[in-house]
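Welcome! Look at the structure first, then work through the steps.

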Amino acid sequence: MNPHNAGRRVAAGHALPRRRFLQGTAGMAAMLAWPLGANAVVKESHLALPLSSSRVDTKFELTLARTQVNFTGTPASAITLNGTVPGPLLRMHEGREVTIALTNRLDEVTAAHWHGLKVPNNMDGVPGVTFPGIKPGETFQYRFDLRQSGTYWYHSHAILQEPAGFYAPLIIDPQGREPFGYDREYVVMLSEWVDTPPEKVLANLKKVEGYYNDRRQTLPDLYAELKAARSPQEREAIWNERVAWARMRMDPTDATDGGSQWQFLVHGQRVEDNWTALFKPGERIRLRLINASAMNFFDVSIPGLDLTVVQADGQNVRPVKVRELRMGNGETYDVIVKPTERKAYTLFAATSGRIGFARGTLAPELGMEGEIPPMGPRPVRSLAEMAGAHGGAHGAAPAPQAAAAADPHAGHGAAPAAPAPAPADPHAMHGGMKGMEGMPMQDGMPGMAGMPMGGAKATDSLADGLKDRLAYADLEALTPMRLPAGPAKKIDMRLTGDMNRYIWSINDKKLSQATFFEARVGERLEIRLINETMMEHPMHMHGAFFVVDNGKGERAPLKHTVIVKPGETITVHTSFDEPGPWVFHCHLFYHAAAGMVQAIVVK
Amino acid sequence: MNTKMNHRTGSLTLALAAALAPLAGPARAMEDDAIFQATRVEVDAGRSDSKSIAAWRADGWIGTDYNRFAWRTEGTRRDGRLEDAEVQALYSRYVAPFWDLQLGLRRELKPAARNYAVIGMRGLAPYAFDVDVAAFVRSDGRLFARTRAEYDMLFTNRLIARPFVGIDWAARSIPSDGIKAGATSSEWGLNVRYEITRAVAPYLEIGRQWQRGTDGGAGANSVRAGLRLVL
């Protein structure tokens, strides 16, 4: 069932990469936990399998089924690929053609999407857009050539199946040599689990605003803040901020949609399971980080070790050393770490909303664990952040955003006189930021900033070129993407929504009401992502990579997923090689399920 | 999945919603226009001016993001007798961020069986006040109105105090019914609930009800304990 094999790696027909193979041992094989029957706990071993033990292949078989799992002490139902959560690693080689047979043993339509892969449109796996989907009982043969290399993943594009367990890593070995060396590599797939079925989670989010938010600001909180204020001006600022949020009818603690029922996993292992990756001191370890979570960003760090980022979204970047990096849903980062001491290091992945964390251990032997750092306080948004005042990667000047955000709403308010049958009417009215017109933008209010929500500040270098936190502005492509010459077709995608009703949309239209954009094969596109909401959105594009306008000019990085912060505008450039409808959506799965999906139909 | 606008009329959606009520819930593959629902029920009992009092208040909706069937019912038993009871069935349409326009029917069962047409607005006003205003046209042409506002104050994330005020109005005096133009009755008070979960919350409510009669007005205080369910 599991394509991993302990033992020597088969490297067929090309120069051996410079890494030492981990010799499989009988002891390691004995530690693998295999499914033992219908009610078995279906997780892999706590011991991370080094990738040298995985086989490169061109033919894969996947079976999708419902399996009972137990992450919380209560049995729950998960969707598994070949019996495991996450599903099996698919390891491939650039330049080859692969065939993946997916058999659907669920009682609903499904589809696998190859996140970040450039494949023909009918292999992209978006039910209802690129193909009808895979019906219950059917087996679908995906077949495509691999035209890229790097760390990727695959998951269901029947939106509410992914949170139930349908996700797994996918690695494509390069044809040439990689521009960095390492001795050992591991896949670190971060995800989340909640026993509540995804359909019920969405139903609850629709029922009550902020259904799962159990850390709202209370009156005693306000009293304590006012009491701790050091001056009447500070008190006034605190009060004004609270009043401003109330006037907007928004909640500054509503940064992410989950709550304390969620668990966070490293390759299906909970904090208490202690996923462990072994190393020998002095080795360089490549960690292929993947954020496969449905609704959470992770701030990843390994206290005591610097992370040298060498790839972003599978693409080589000029190495940049950071202490911590934030991963949006769907993003991947490959980092090299070099533990020199013979001790356990904690791989710490705190969710950006600080509702929980995932944890793994890098250690010289099994059974060790490092100290778990504190998660930090719950972040509270400030009005200043909403104006997109932070640095980061964006071409457009942030300051006018507050005013610009007000403009689209100028047309709102009056219910159109059109009669009820025209469904277009309400869609112009997602007034998430409506109350912000005329709001004075206050900077740096003391005592209110709490945890900075901005994903990545424009980073200053600490000693030795080490940056505190990775920002898009720090990424430089090693192989720039050559975009076609000529004038670019401009596309604006405003990220909009009505949090009160849990409606999420692009340009005020949910997928079911949207008119898709059009483009031609080879046409240069300039897409502006304008976030008019108060949440961060990881926007993902199918079918091509895009160049993120981060100030690096010709060396701007290639990505397939980019986080857009509240009030921020990020400009990306791309062009499509393949025709067909390519979806572009928020990779927060419940946002996508609520409508935050668009598409570019390429002819 | 189509790239064109969905053309569904409000009434068709209404019929669809009613027909599909038992299937409400799961959204499918790429379907973002699924039918959801919310139901809120509050039932309590206590004492008012040395008489026993019991009451229920329930409301809910079922439908898509923009078009919903909304319903509500409320009633009071005083001293063992059903004093008032009513039911409303409404078409609720999203007309602006935070606001729904509601149109439909109201049937009063007690104190007398009466029918009304309803038009109203329900939503969240700036500063997070829950507001509900409605105008009623009775079957005999008389015009009434009702205004209600509530506000959630968090003492903790689970202990929530909700001050409320509601006023019933009449457009014209109806001497035969003993109704004077203007405010005909009002109710205000404080409801404090403890959310064991979002779905289950016991509460304590103290309030004052005031009824205007031909000779002035009569007020009564009440203290009640009850259970709130959100389903």
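Two strands pair if DSSP finds at least two bridges between them. Helices (H or I, at least four residues) and strands (E, at least two) are DSSP runs, numbered from the N terminus. This is a predicted model, in which local features need pLDDT of at least 70, side-chain atom pairs count only at pLDDT 80 or more, and totals for chains, interfaces and linings use all residues. Residues are numbered from 1 along each chain as its sequence is written, while chains are lettered from A and ligands numbered from 1 in the order in which they are written.

**Exercise 1. A covered strand**

Task: Find the strand that pairs with strand E24 (residues 537–541) of chain A over 4 bridges, and state the sense of the pairing.

Solution: 
- Step 1. The partner is E27(A), and the two strands pair in the antiparallel sense.
- Step 2. Look for one bridge in this pair: His537(A) has Val564(A) in E27(A) as its bridge partner.
- Step 3. Now check the two faces of E27(A), which spans residues 561–564. A residue is buried if 20 or more other C-beta atoms lie within 10 Å of its own, exposed if 12 or fewer, and partly exposed in between, with C-beta atoms placed from the backbone. Thr561(A) and Ile563(A) on one side are buried, and so are Val562(A) and Val564(A) on the other, which leaves both faces covered.

**Exercise 2. An open sheet**

Task: Work out which strands stand at the edges of the open sheet of 6 strands in chain A.

Solution: 
- Step 1. Write down the strand order, E21-E20-E23-E28-E25-E26, and note that the pairing is mixed.
- Step 2. Strand E21 (503–506) and strand E26 (558–559) of chain A are at the edges; each has a single partner strand, so one side of each is left without a neighbour in the sheet.
- Step 3. Go inside the sheet to strand E20 (residues 489–498) and strand E23 (residues 525–531) of chain A, which run parallel and are joined by 7 bridges. Here Met493(A) stands opposite Leu529(A) in E23(A).

**Exercise 3. Two sides of a helix**

Task: Decide which residues of helix H4 (residues 232–248) of chain A are buried, and which are exposed.

Solution: 
- Step 1. Start with the length: H4(A) has 17 residues and reaches 24 Å from its first C-alpha to its last. That is close to the 24 Å expected at 1.5 Å a residue, where the expected span is 1.5 Å times one less than the number of residues.
- Step 2. Glu241(A), Trp245(A) and Met248(A) are the buried ones. They lie on the same side of H4(A), because they cover an arc of only 70° around the axis; the arc is that of the directions from the helix axis to the C-beta atoms.
- Step 3. Recall the geometry: an α-helix has 3.6 residues a turn, so residues three or four places apart point the same way.
- Step 4. On the other side of H4(A), Pro232(A), Glu236(A) and Val243(A) are exposed.
- Step 5. Find what the buried residues pack against: helix H5 (383–386) of chain A. Two residues are in contact if their C-beta atoms, placed from the backbone, lie within 7 Å.

**Exercise 4. One residue and its surroundings**

Task: Is Tyr152(A) buried or exposed?

Solution: 
- Step 1. Locate Tyr152(A) in strand E7 (residues 150–156) of chain A.
- Step 2. Count its neighbours: Tyr152(A) is buried because it has 23 C-beta neighbours inside 10 Å.
- Step 3. Leaving out residues up to four places away in sequence, Tyr152(A) touches several residues, including Trp114(A), Leu170(A) and Thr332(A).
- Step 4. Compare sequence and space: Tyr152(A) and Leu90(A) are 62 residues apart in sequence and 9.6 Å apart in space, C-alpha to C-alpha.

**Exercise 5. Hairpins in chain B**

Task: Identify the residue with a positive phi in the hairpin of E6(B) and E7(B).

Solution: 
- Step 1. Strand E6 (residues 114–125) and strand E7 (residues 129–138) of chain B pair in the antiparallel sense over 10 bridges. In this pair, Gly123(B) has Val131(B) as its bridge partner.
- Step 2. The hairpin has 3 residues between the strands, and Tyr127(B) takes the positive phi, near 75°.
- Step 3. Move on to E7(B) and strand E8 (residues 143–151) of chain B, an antiparallel pair with 9 bridges. Their hairpin has 4 residues between the strands, and Gly141(B) in the turn has a positive phi of about 90°.
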